[in-house]
Amino acid sequence: MQLPPEWIAELESLLALAQQSPEIVAAAAAAVVAVVAGVAALVRRRRRAPAAEAAAEAAPERAREVAPTPEERAARSRAAEPARAAGAAPPAPRPGAPPAALPPAPSAAAPTPPPAAASVAPEPALPPPAPAPPEIAPLPPVVPPPAPVPAAETAAAPAAPEPPPAPAPPRPRSLRDRLARTRDALVGRLEDLLGGRRVDGAVLEDLELLLFGADLGVKTAEGLLDGVRRKAGGADAAGVRAVLRDEILARLRRVEVPAAKRALEPAARPHVILVLGVNGSGKTTTIGKLAARYTAAGKKVILGAGDTFRAAAIEQLQAWGARAGCEVIAGKPGGDPSAVAFDTLKAAVARGADVAIVDTAGRLQTKAPLIEELKKIVRVIDREVPGAPHESLLVLDANTGQNAISQARIFTEAARVTALALTKLDGTAKGGVIVGLADELGIPVKYVGVGEGIEDLRDFAAEDFVRALFGEDGGEA
């Protein structure tokens, strides 16, 4: 190994001084030993640096070396004894061990030992360099696990349960049920009267009393009794029942409105309906139900609140108009009903209405001034819409019995009554008056009222009515 020139120069100067001054020989020897030890350490570090760096980069865990065993320490000590005896530097520490402390320099006052031999102790053998660490294969790239898929994507959310179907509207009660009271008053009493008897003079007398008490009217009761005498003489209860049924059906068929004319297809436009009746007959309610029927058929309807005398009559009709979805023309309470009729027809023509229904005050047939007012309304309507009113509907309360026949006669004098509507048949035992009205006046019966619902205003059909009256199956309207 070649020393640096400056170090060689330093050694030469030290040797020269040793020859001139024996006192400094010990110090020079110590300096030489220190220089040689430093050179050896520098060489070892240069040889060890590349391998240490590679080992540190490849496997940091190998940088820390295991401490030597006691046997290794004893072997190293034996190997270092010749060097120590010759004044050489101790062996270099193992990599990672703390550096050994240098021996202290001898004091100037200490006795100077004899000079050592001029020969320099041989440099101790350096440990072989550490083997290169084995090449470590690169680790495979870390692939992150797939993100969990939300449950909403893996499986479709269960469909919301379908709402339960809306309950079907209640089926209207049959006409047979609605006429139960009238049936009991007429047909039921007839069964009790006849029993197992056959028709004779005594049976005819009892039957006459029964018919007069059923609110059929005098003329109608006599006509039915005469039919039993002629067709059922000596017959039993079933024979009498059959004769009465046929006689009543024949009378009601004469006033039945043909099916073609029951259709809600007015010939004129606007089709004007004038509604008549006394207070409490169900007139305003009938107007509301009739308006609802026309509206449901797709017709445009306008109502005229011509009953300006009765308290709350205007508000009641407005409530029905809102329920049926049609416009209501109204005046002031106590105002002129003819003016309301005029405004109603003007509005119906201007708005292209299909039907105009005009209400009137509930006039008592005994008050002549009110009947005259009704005649005035008819004239105003005819002037605004020639040929109107196309219908004059008289509403009668079945609860009034034979008094309904008297009312119909008076109203026919003030206006041309074209049809009847018999109301409240579901709550009375006097429904037989419809037979008397048909027999005595011959006015067509267009509607029967058998309840409060809109569907309870029904078209009158003679066959259905008679079946319901006699408790037979199929008595529907």
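Start your tour at Asp 215, which you will find in the loop between helix H7 (201-212) and H8. Helices here are DSSP runs of H or I with at least four residues, strands are runs of E with at least two, and both are numbered from the N terminus. Asp 215 has a positive phi of about 60° although it is not a glycine. With 14% relative accessibility, Asp 215 counts as buried, a word used for residues under 20% relative accessible area, while exposed means over 50% and partly exposed lies in between (1.4 Å probe, protein chains only).

Before moving on, a word about what is on your screen. This is a predicted model, in which local features need pLDDT of at least 70 and side-chain atom pairs count only at pLDDT 80 or more, while totals for chains, interfaces and linings use all residues. Residues are numbered from 1 along each chain as its sequence is written, and side-chain values use heavy atoms, with hydrogens and water left out.

**The whole chain**

Zoom out for a moment. The chain holds 17 helices and eight strands, and 38% of its 477 residues count as buried. Take the contacts (heavy atoms within 4.5 Å) with a separation of 6 or more: residues 24 or more positions apart account for 76% of them.

**Stop one: H8 and H9**

Now select helix H8 (residues 218-231) and helix H9 (residues 237-253). Their axes come within 9 Å and cross at roughly 135°. The axes are lines fitted to C-alpha atoms, for helices over the stretch in contact, and the angles run from 0 to 180 degrees between N-to-C directions. H8 and H9 are therefore oblique to each other; angles under 35 degrees count as roughly parallel, over 145 as roughly antiparallel, 65 to 115 as roughly perpendicular and the rest as oblique.

To see the contact, show the side chains of H8 and H9: among the residues that make it are Leu 224 and Val 228 of H8 and Val 240, Leu 244 and Ile 248 of H9. By class, this contact of H8 with H9 has six nonpolar, three polar and four charged residues. In this scheme Ala, Val, Leu, Ile, Met, Phe, Trp, Tyr, Cys and Pro are nonpolar, Asp, Glu, Lys and Arg are charged, and the others, Gly among them, are polar.

**Stop two: into strand E1**

Move along to Pro 270, in the loop between helix H10 (259-262) and E1. A cis peptide bond joins Arg 269 and Pro 270, with omega of about 5°.

Next, click on His 271, which is in strand E1 (residues 271-276). Is His 271 buried or exposed? At 10% relative accessibility, His 271 counts as buried. Its side chain makes a polar contact with the side chain of Glu 391 at 2.9 Å. A polar contact is a pair of N or O atoms within 3.5 Å; within protein, one must be able to donate a hydrogen and the other to accept it, and residues adjacent in sequence count only if both atoms are side-chain atoms. Leaving aside neighbours within four places in sequence, His 271 also touches residues including Tyr 294, Asp 354 and His 390.

While you are here, look for Pro 389, in the loop between helix H14 (368-384) and strand E5 (391-397). The peptide bond from Ala 388 to Pro 389 is cis, with omega near 0°.

**Stop three: Ser 281 and H11**

Select Ser 281, in the loop between E1 and helix H11 (283-296). Ser 281 is buried, with a relative accessible area of 1%. A polar atom of its side chain lies 2.9 Å from the backbone oxygen of Val 278. Not counting residues up to four places away in sequence, Ser 281 touches Val 395, Leu 396, Asp 397, Thr 423 and Lys 424.

Where they meet, look for residues including Ile 287 and Ala 291 in H11 and Leu 317 and Trp 320 in H12. The residues of this contact divide into six nonpolar, five polar and one charged.

Ala 312 is in the loop between strand E2 (301-305) and H12. Ala 312 has a phi near 65°, a positive value in a residue other than glycine, and is partly exposed, with a relative accessible area of 48%.

**Last stop: Val 358**

Finish at Val 358, in strand E4 (residues 355-358). At 1% relative accessibility, Val 358 counts as buried. Its contacts, leaving aside neighbours within four places in sequence, include Ile 273, Leu 274 and Val 275.
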